[in-house]
Amino acid sequence: MTNVSRPLSGRNRWGLDRLLPGLLAAVVLPVTALGAAAKTCVLVKDGKPDCAVVLGEQATLVEKHAARELRDYLHKISGAEIPEASNRESVEGAVPILLGTPQSAKAVEALGLLEKVKNLSDEGFLIRIRKNEVAVFARQPMGVLYGVYTFLEDNLAIRWFFPGEKGEYCPKHSTIEINSLDEMQNPAFVCRTINTTATGISAKLTNTWDWMVRNKMQICWLCFSDNEKELTERGALYSCGGHALPYLVPQNKYFKEHPEYYALANGQRMPCWLGDYVRRHPEYQAPKGAGEIHQLCTSNPDVIDVCAAGIVKHFKEIDKPSFYKTGDSYYLGNNDGDGWCECEKCLALDDPEEQKNGMVSTRFYKFINAVAEKALKECPDKTMLGWGYQKFQSPPKGVKPDPRLVIEIAMHGRCYQHSYDDQNCPANMAKMKLLKGWLNFGNVAGVYEYYSCFADGSPNFFFGFPYLPTEDVVSRDIKQIWKMGARHWKAEFPPPDGNFGPPWNNWETKEAWLAQFATLYMAAKLTWNPLLDSERLKDDLYQKYYGSAVAPMKAYRDLLRKSWEIAKGHFIYGSKASIIGKCLVQPGREQELMKYLVLAEQSAGDDQALREKIAREKRYFAEVWQKALIGWNKLNSVEEIKVKEREGDITIDGVLQEPAWEKAVSTTGFIANSTGKLAKYQTFAKLLYDDEYLYIGVTALEPVPGKLLASQTRRDGPVWQDDDIEVFIDPAGTGENYYHFAVNPKGVIYDAKCVPGSYDTGFNADCKVACKTLADRWVLEMKIKAGSLNAKIMNGGIWKINIARSRHSDEGEASSWAVDGAFHQTASFRPVVFGSALIQNGGFETTVEVKNEADKKFYGCSDWKFGNDPILFPVHWALLDNHSGTLTLTHDGVHSGKNALKIEGGWTANYFSAATGDELHFDFWAKGEDDVALMLFQYTNTPEGGMQFIKTDVIATIPLSSEWTHYRFDHTIGAENVRKVALAFGVKTTLILDDVSAVKGAPPEKAAPQKP
């Protein structure tokens, strides 16, 4: 979140009482395609002007800019120099193009259009084209500017795909003739903007500003002093606020005399920015282990008064010259961190359920309401805005936001691989529930999006290079939230013409917008009018942007999007780029995409501008997708971590010296999250288990243990702001739900039940922790009861687990035992096997290449057919030659990992040791056609050391569906003298199988429903 926001000037700035959905033409035909009979108005004839742009004497800077843009583009199209006039009467023998508002153009009333214009919103416009006259009228100057750009788009086929001349499409015609037209448009979303990030606020972003207004978006800017002319003539909006609390109550002014204005943390009042205050006030003794970022004491009535006075000052000093120009709106947001006040009065303002979940929405909106009441009472024509962000992202339960507030919900934790309406995406379902809750209050509300959202590199603060084909996802999102009632849309992105300093002065930052240009272009069009046909918009974009290479480039973009949207899993805000590689695991997918790019190059011929566009796409594909495939393969090649059963007692005291710990396997090689390389200071993890508990022992090497940060003392506080060790556990291994634990060196614990992107801190596990700090390390010992995770530990069972560590001493470092250093990314969790796995290679990840008939005979598959070339065979699986079919190791749409097994008309089995009386529990994921038979073949040992078949138990006959379905079956071996069994799957048509496992022991307490 940045502190650049959209200002408003009272009710009419929003135009909510006049809001009409603009009915734009979906895609306008280029001028050359118009039939001769339909061409009724001639503006240019054979390169000579037959029109003049008419502006009234009272025209504003915005209207003058609109006239200049119109004349420039008519010249760019035809070569004609278009004159400008001050009134209709002075234009003789030519078509007047009338621009203006009722205040600046008498023609509005003279043409009888005053009442229609009055019914427009502040940004709406009216276009009327007749044989001898063209009019673009609006209530306010910005409507005139937007109307001119729409006139150029819809009638002259000009497009602005991304900032700068290379992103522009402008056809050439020596004669310009256009159709008669009557049209009125208003924007659907009252806020439509992209906050420019990573650049200095004094940068001259002329290309980006032009792109935004040409596509009818708003420029929201804070600093006007260096670029006042450019910003003013483009109708930029004056704004202030954001992470505003520290600025409204400056700590260097107030903290010494009024510490009660600031947050109470661990019994002591803290300045908003501890480090900055200590640097400016060396006499101040900061408490040991204190956190860096804190809020104000929002229950203090003096704080409310000071904040309200600061906002009123902002509103009333709009005409005062200053570096930070004041404006008509104010965002009242928190300091960007989790240090909320813990005094009794603040805690008393919390909703009890929110407090249990670590949220402060009710408390903070009581504060915002109080400030808004005072500020808006003195300045009733102004507007204030609030957020749903961090610990107040969820709607408050104990208070309604002031109805005059505009609410912006930051979409942290959403999934960018799926659209909001995807019922199979738990992350986005959770976000839609939040949005619906906010919209139920009746305020103008909407979303703040983060499309440069993954954690490799640093183009946008800590995010990576965003070459993601999200134009379809975002298009569906905008249409969905519009239907829900959202009228506010904002995103953030680094502009291509930014002024970037360290660490953002790099290729990735400068190219980020171009890598996502289709997404941002579609967003601009649909936030103005979500009723537009997205497919026709895309086709128009491709045709005009890719020209002669449109066919292969459209095929490339379509396949790239398909690969993105159907790949298993979720891409959450802050994900590592390596999981993009899952989109290329299908054999031949990478080569097919490259084939289209090569064909596009060939289609471009000698068109150097087009070849440059395609070369850019090739580089993006190589730098992101092809590199990500390498990372994904690395993720899925990690070895399982074997966990031994506990032998002997363990006391949870932070000392890992019992004989049981001595026998545990130690895992190290933690990877730094920021670099992907080994962490400078390593961490060592050990795991053990028994029937009830998972035991975890972690040793963190630390060169300065005396500087360990451990400021948190409350369970479920922001423990991750301290030095901490974090444990992530996904007992089911699906990636859809997991549990998160964080422990600081004092043994303070945070635990939450999670779906990707959302965290329920109301969950409390049955666990015990203890920590010890030694001369060169600190140690965590903990045990977690499996039942409290809705799971059971069984011999052969497999969980997915990640262990991570954050250091805040010295230069700081975050690391984990995931091969890419990720934390919450479930795809990076490592498989942990309790005891020994019964089913070997249940995910079909280990394969061998079958090269000849001898290999086929060795693997017992001589009569089988294969769908892979070269032939791939899953190790540890057997095929029945007397029930032969076709085997394929498929990579497209797998349940997890790289491979799934596809059997067409045959039988496959996996052998393992088991004995009479064993209780077996089978888990697997499957989809396909018809029914699959699940059987258990049972064998005993022969005196010669071989196996003798005893009997077959039919466990189930399962009707398959076309979607992945989870199956779990229990079976007790009843036959006598059984020593070995084989779990077998047989199908007449098609079975696709993945993640097969088997465990021995008592049945799970809460097993998944069995399928008939």
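Where is N841 found? A few notes on that and some other spots; bear in mind that this is a predicted model.

1. N841 sits in the loop between β36 (830-834) and β37 (847-850). Have a look at its backbone: phi is positive, about 60°, although N841 is not a glycine. Most residues other than glycine have a negative phi.

2. Another backbone spot to check is the peptide bond joining D869 and P870, which is cis, with omega about 5°. Most peptide bonds are trans. As for where to look, P870 is in the loop between β38 (865-866) and β39 (871-874).

3. Next, α22, which covers residues 608-635 and has 28 residues. From first C-alpha to last, α22 reaches 39 Å, close to the 40 Å expected at 1.5 Å a residue. Still, α22 has a kink of about 35°, centred on A622. At the start of α22, D607 puts a side-chain oxygen within 3.3 Å of the backbone nitrogen of A609.

4. Finally, a helix pair: α11 (residues 301-316) packs with α14 (residues 361-378) at an angle of about 40°, and their axes are 9 Å apart. Because of that angle, α11 counts as oblique to α14. The crossing of α11 past α14 is right-handed.

5. If you want to pick out the contact between those two helices, α11 brings V303, I304, D305, C307, A308, I311, V312, F315 and K316. From α14 come F367, A370, V371, K374, A375, L376 and E378. An α-helix has 3.6 residues a turn, so residues three or four places apart point the same way.

Terms used: Residues are numbered from 1 along each chain as its sequence is written. This is a predicted model: local features need pLDDT of at least 70, side-chain atom pairs count only at pLDDT 80 or more; totals for chains, interfaces and linings use all residues. Side-chain values use heavy atoms; hydrogens and water are left out. Helices (H or I, at least four residues) and strands (E, at least two) are DSSP runs, numbered from the N terminus. The expected span of a helix is 1.5 Å times one less than its number of residues. The bend at a residue is the angle between axes fitted to the seven residues ending there and the seven starting there. A polar contact is a pair of N or O atoms within 3.5 Å; within protein, one must be able to donate a hydrogen and the other to accept it, and residues adjacent in sequence count only if both atoms are side-chain atoms. Axes are lines fitted to C-alpha atoms, for helices over the stretch in contact, and angles run from 0 to 180 degrees between N-to-C directions. Angles under 35 degrees count as roughly parallel, over 145 as roughly antiparallel, 65 to 115 as roughly perpendicular and the rest as oblique. A crossing is left-handed if the near helix is turned anticlockwise from the far one by less than a right angle, and right-handed if clockwise. Contact means heavy atoms within 4.5 Å.
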